[in-house]
Amino acid sequence: MALLMQAILSGVLIGGVYALVGVGLTIIFGVMRVINFAQGELVMAGMYVTFWLFTLWGIDPFLSVLLTMPALFLIGVVLQWSLINRVLNALPQNQILLTIGIGLVLSNLAMLAFTSDYRILSTSYSSSSVGLAGIRLSTPLIYCFLITVAITAALYWFLARTDMGHAIRATAQDREAAQLMGVSVRTISIFAFALGSALAGAAGALVAPTYYIYPQVGGAFTLKAFVVVVLGGMGSIIGAMLGGVLIGIGESVSAVYLGSGIKDLCVYVIFLLVLLLKPSGLLGKSRA
Amino acid sequence: MKTLILSIVAAIGFALIPIWIQSPYALHIFISLFIAVALGESWNVLGGFAGQYSVGHAAWYGLGAYGAFILLDSKGVAPWYGVWVAVLGSVIIALIVGSITFRLRGPYFVLASIAVAEIIRLAALNWKTLTNGAEGIQPADLPPLKIGKQVLIADWNGKEPYYYMGLAMALFCIVVNYAVKRSKLGYYLQAIREDQDAAHSLGIPLTKYKNYGLLISAALTALAGSFAAFYIGFIEPQQVFGIDVSVDMVLVALIGGIGTVSGPLVGGIVLVLLNEGLRAAFEQGHLLVRGVLMILVILAMPEGVVGFVSQRLRRRAATS
């Protein structure tokens, strides 16, 4: 029983990060109907930014979220403004291929710049853990989760209370109607993609102390983000949060009971089942 | 008629090349070209004609490669028999997967195709007794190829046997594409690509015909995959089931022109030449170029080189 509780709690902690990547993906999809296949590569970029901030200037990885997010926000602005904006009315397939291309460029740029070595960011607390009623949880994962919750709360406030947040939600609901109401859809699109990138960057910073950092790490995050978003329902932000936590739990429980080789297999099988049985996701309404 | 004569002349020209070019490096580039063209044409049957953008064709590539390798390595079945068993096996699995995932559309189908390839990759990685896991398989030397009592090919270390087989395979894939495009099946698939609902209301059973397209596409892909595996001589899960394989197949068709017969041929030539030229110049940088190329083609000529050129020619004809 303690083992199961342990697995579930660790799953919730790591699920928070998946939720963050997934929310970024779902905001981009909601506003533009573009599936960003480069989402994981943006996480990878966030990991490298955090790694170098720590290695060169000794900035704590969890503090560096404050720098990583703006940095990735800028990258997002550039990508949207220079590339993605041009295919907004193209076939969905071409949009997908474009973002796959962007992902290839990002991961290969990282490989040219930093080689394909696996890097480890180790802080003084990297291997410490906290005990609670017979359950031990790793300290970096707990920090990671707390910051995830804070970012999510801030995001929720932003979307629910600010004008920009209203404009984003309006554009996601009905692009044309939003435009007729005077929302600059172009600006909102740039902002939404940049916001999605910043969230990916934050996730990258938060997992940097617990993951290996290497140029190809993004692919796994991209796929996981899809699973999370499809599970929760494409375009639904709360759905993505729920999906992230569920996938985190599913992964960690199956790793404990079925072995770590099988855990990713389980995630993709669940993904296919959701696609087939309830393609609108747990909380989604429409099928795009 | 003119195109037919031209194609036959080109094919004979290609068949004569090894007589005066013996440099293994040059032959290697040609063999890479044949593999790329065969893969691009295979993908084109489903992705180009039916508009079902699979980014998971590595599944059929890898199943073909693993099937033939396992048969040779553990059962001693010669590749020229084993390959057909592997192709058959891949097609059966493809049809099972297809009848499930073809219910999905657009981005959902793309995601499902990636997930299927990942599931098969992870299965190959973990089913160690069958596949030897991440260590991969490197089979012993190939037995000599005999017809009756006569030994046809005894030495598999040279590049010439692979050159001719690769050429034959690439030509076969092109001919199949041409035949499909002109057939009733081809018209059905293109109708599905243009408008699924309209095609359905005209009485085309969607999943059934998509599955016919997949059957041809997966069989050709598995054939090319097992050929490539024997040429390289070693396989491991990431190398044959990785998403890079799938993306490369799409890229070949995309650069040349998706949904045209000559597209993957042109795309293969562009991609292989660029790859080799840039590998010599930048070492690792050539992988970066794949991504840049993908972005440029989507933005500047989404119809590919073939579409771009034929549009220019039409425009010139109209103005003169």
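Residues are numbered from 1 along each chain as its sequence is written, while chains are lettered from A and ligands numbered from 1 in the order in which they are written. Because this is a predicted model, local features need pLDDT of at least 70, side-chain atom pairs count only at pLDDT 80 or more, and totals for chains, interfaces and linings use all residues, with side-chain values resting on heavy atoms, hydrogens and water being left out.

User: In what order do the elements of chain A run from the N terminus on?
Analyst: Helices (H or I, at least four residues) and strands (E, at least two) are DSSP runs, numbered from the N terminus. Chain A has eleven helices and two strands. From the N terminus on, their order is α-α-α-α-β-β-α-α-α-α-α-α-α.

User: What is the radius of gyration of chain A?
Analyst: The radius is taken over C-alpha atoms, and the globule rule is 2.2 Å times the number of residues to the power 0.38. For 288 residues that rule gives 19 Å, and the value for chain A is close to it, so the chain is as compact as a globular protein of that length, its radius of gyration being 18 Å.

User: What percentage of the residues in chain A is buried?
Analyst: Buried means under 20% relative accessible area, exposed over 50%, and partly exposed in between, with a 1.4 Å probe and protein chains only. Of the 288 residues in chain A, the buried share is 56%.

User: Which residues make up the covered face of strand β2 of chain A?
Analyst: In a regular strand the side chains alternate between the two faces of the sheet. Strand β2(A), residues 135-138, has Arg136(A) and Ser138(A) on its uncovered face, and its covered face holds Ile135(A) and Leu137(A).

User: Which residue in the turn of the hairpin formed by β1(A) and β2(A) has a positive phi?
Analyst: Two strands pair if DSSP finds at least two bridges between them; β1 (residues 129-132) and β2(A) do so in the antiparallel sense over four bridges. Leu132(A) stands opposite Ile135(A). Two residues lie between the strands, and the one in the turn with a positive phi, of about 50°, is Ala133(A).

User: Is Arg33(A) buried or partly exposed?
Analyst: Arg33(A) lies in the loop between α1 (2-32) and α2 (39-57) of chain A. Although Arg33(A) is not a glycine, its phi is positive, at about 60°. With a relative accessibility of 41%, Arg33(A) counts as partly exposed.

User: What is the relative accessibility of Thr115(A)?
Analyst: Thr115(A) is placed in the loop between α4 (92-114) and β1 of chain A, and has a positive phi of about 60° although it is not a glycine. Thr115(A) counts as partly exposed, its relative accessibility being 36%.

User: Which residues does Thr50(A) touch, not counting residues up to four places away in sequence?
Analyst: Thr50(A) lies in helix α2 of chain A and is buried, with a relative accessible area of 0%. With contact meaning heavy atoms within 4.5 Å, the residues touched by Thr50(A) are Pro61(A), Ser64(A), Thr68(A), Leu121(A), Ala205(A) and Ala208(A).

User: What distance separates the C-alpha atoms of Leu223(A) and Gly40(A)?
Analyst: Leu223(A) belongs to helix α9 (residues 218-232) of chain A and is buried, at a relative accessible area of 13%. Leaving aside neighbours within four places in sequence, Leu223(A) is in contact with Tyr268(A), Ile114(B) and Glu118(B). Leu223(A) and Gly40(A) are 183 residues apart along the chain, and their C-alpha atoms are separated by 7.8 Å.
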